[in-house]
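Biologist: I have a sequence and a structure on screen. Please show me how to read them.

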Amino acid sequence: MRYFIYMILIGLFISSCSKSDDDNQEITNPAIKLKFKTEQTTGNIYEMFVFNLYSEEGGTLFDIENTYDSLVWTVPDLGSFHLLKKNTFIYQWSQVFFLPGKYKTILLGYKDNKIITSDSIYINILKKNTDFLYFNWEDVKESKGSKAYADILAKDYTFATYQSIKDSIPSITLFLLNEGKDDEKTFSQKSEKILFDYIKTLYSEPTYTEKQNELLTKEYNKLFNNRIEGAKPIYIWITPKSKMVLYSHYEEYGEYNEYRIHAEPR
């Protein structure tokens, strides 16, 4: 079964400016100290944070490009993103965080391979008392197409979800979009571990595993109402409010197994 994905991308609110062609322009302020800000520093997983560059000294794009060779926004353990590189300057960007924790986000400005300015903001990410990810089952009232979440720090994939209603029972599916250079078959093999590690970290060890083959299949058929035709359960999690399964599904058109997380109310 092939899924037709109608992506509703939640932001990457990026604005770009092109490089000035006037090489003879006088540099009015050659030492601009850039900082960054955000309107909020605390939020929930899957909530979008918008960041903006600013300078207390003012200045033009020409001044900035002559002050810095590059500007990099980085979050340790998550990745980095270039705000100034070659002919592109980005002064506004957005990011979604997928696990709770306190993240130090850092802006670094380079000149001649040396850091000449830096700034940092701590972001506190919570996992509020929701039913699954950031969803509450009572709010899932209709089927909706796929929604991808802004993650400029991940180079190879993007988290995405879609929600369904079948026989009055809501469900959420979590999956990955291939944003890297891997072919779909290679990417799919990687996605199994990424999804497993993510749900395990966010919730717990699975309640049932593929090692319990017959029991796993029995519980899958008993627990889940909106089962995917041809799906093979691999892991099942049961939480106070939800039941989740990591399953594989053979895609005939690509001749590979696709991996997704399917969740329903408990």
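**Reading the sheet**

Modeller: Strands pair through backbone hydrogen bonds, either parallel or antiparallel. Here an open sheet of seven strands runs in the order β11-β12-β13-β17-β16-β15-β14, with antiparallel pairing. Its edge strands are β11 (144–148) and β14 (208–209), and each pairs on one side only. Strands are DSSP runs of E, at least two residues; helices are runs of H or I, at least four; both are numbered from the N terminus. Two strands pair if DSSP finds at least two bridges between them.

This is a predicted model: local features need pLDDT of at least 70, side-chain atom pairs count only at pLDDT 80 or more, and totals for chains, interfaces and linings use all residues. Residues are numbered from 1 along each chain as its sequence is written, and side-chain values use heavy atoms, without hydrogens and water.

Biologist: How many bridges join β16 to β17?

Modeller: Ten, between residues 242–251 and residues 256–265, and the two strands run antiparallel. For one of them, follow S248 to its bridge partner Y259 in β17.

Biologist: Which strands does helix α3 lie across?

Modeller: Helix α3 (residues 213–223) lies across β14, β15, β16 and β17, at about 70° to β15. Axes are lines fitted to C-alpha atoms, for helices over the stretch in contact (heavy atoms within 4.5 Å). Angles run from 0 to 180 degrees between N-to-C directions.

Biologist: What should I look for in phi?

Modeller: Most residues other than glycine have a negative phi. N113 has a positive phi of about 65°. N113 sits in the loop between β9 (101–111) and β10 (114–126).

Biologist: Is N113 buried or exposed?

Modeller: N113 counts as exposed because its relative accessibility is 78%. Exposed means over 50% relative accessible area, buried under 20%, partly exposed in between (1.4 Å probe, protein chains only).
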